[in-house]
Amino acid sequence: MQFFKSMKVQKNKSLKEFTTFKIGGRAKYFIKAKTYDEIKQGFLFAKENNLKTFILGKGSNILFDDKGYFGLVIYNNINFLRISKTNVYVGAGYSFPALGVKTANNNLSGLEFAAGVPGSVGGAIFMNASSYSQAVSDAIKSVVYLTLDGEIKILKKDDCNFEYRNSIFQKMNGAILSSVFSLKQDENAKNRQLEIFQKKIKNQPMNEKNAGCIFKNPKNTSAKILIDECSLKNYKMGGAIVSHVHPNFIINEKTATSKDVLDLMSHIKKVVKERKNINLREEVKVILP
Ligand SMILES: Cc1cc2nc3c(=O)[nH]c(=O)nc-3n(C[C@H](O)[C@H](O)[C@H](O)COP(=O)(O)OP(=O)(O)OC[C@H]3O[C@@H](n4cnc5c(N)ncnc54)[C@H](O)[C@@H]3O)c2cc1C
């Protein structure tokens, strides 16, 4: 353990425990940042030591390499939540499912789907998470962002360039710090949240080691259907297997390596291209060492 100003910097930190896939080697340097200032200090530490940085949420949409990450991983742990009438002020490290449950409990509608998306608020904004006809982009009002140079910016919804599984943040190098959501008063919010959650646990392998949908849905069809129609359910490479519950999910059955998952992804892409003439594009973020 080493200190940079008041911040604890851990060395050789195992990354797999910070992901839902439970795959990945060690981070050369690792910090848990609870405040805006600790993220800023992290950026400064990386600059002074000539390191690349990676902002980690709840690790539910990433595949770390077995070799690890040869830079600084900043685990976003900014966790505040304040609900004022229909406005919700929330830190980027706050659990997105907890936000979905709490807002629905307060009869607020717009984030009922979040209860079944096991990420952080920052990761959900970065990815423009969505399901069952609701999306982050419909409910967000503004985002507080820190650039690599330590400048704080406030982006309004229209500045965020939200698209399906995309946002302006995927072209930037800094960190989402917090956000404001604007929700609607709705007595049925809690019922809807429970309904969506029940559908999710029925249709997705929520309790197995995976990273959600591996591929984005191509226009006018779904990756799940394409993979199923290519008879790839239960197709296995090493410790990685295509889910029989939802074929766009890859499960780490026992001790899959990142190579097992990448090989399986390449195989799926090859077969879908050959049989359907469609190029699948990755939704999961593959993080190079
Ligand atoms: C069982 C299961 C079900 C899922 N269901 C859905 C679903 O229904 N809909 C859906 O959209 N997704 C779903 N996902 C995928 C995943 O949960 C979402 O993409 C989620 O929003 C990712 O958030 P995260 O905090 O885990 O991000 P991470 O996986 O930690 O990171 C993902 C990317 O976001 C970046 N990032 C994270 N936080 C920040 C930040 N504060 N600032 C800047 N960049 C940041 C990371 O650098 C990385 O590039 C599912 C995943 C699982 C495992």
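Met237 stands opposite Ala240 in β17. That strand covers residues 240-242 and pairs with β16 in the antiparallel sense, over 2 bridges. Two strands count as paired if DSSP finds at least two bridges between them. Strands themselves are DSSP runs (E, at least two residues), and helices are runs of H or I with at least four residues, both numbered from the N terminus.

What is the order of the strands in this open sheet? The order is β16-β17-β18, an open sheet of 3 strands with antiparallel pairing. At the edges lie β16 (236-237) and β18 (250-252), each of which pairs on one side only. In general, strands of a sheet pair through backbone hydrogen bonds, either parallel or antiparallel.

## About the model

You are looking at a predicted model, where local features need pLDDT of at least 70 and side-chain atom pairs count only at pLDDT 80 or more, while totals for chains, interfaces and linings use all residues. Residues are numbered from 1 along each chain as its sequence is written.

## Domains and their contact

The protein is divided into domain 1 (9-76), domain 2 (81-203) and domain 3 (223-287); these bounds come from an automatic or database domain assignment. The centres of domain 1 and domain 2, taken over C-alpha atoms, are 22 Å apart. Their contact takes 12 residues from domain 1 and 13 residues from domain 2, where contact means that C-beta atoms, placed from the backbone, lie within 7 Å.

Which elements give two or more residues to the side of domain 1 that touches domain 2? They are α1 (36-48) and β6 (69-76), and α1 gives the most, with 4 residues.

Note on methods:
Two residues are in contact if their C-beta atoms, placed from the backbone, lie within 7 Å.
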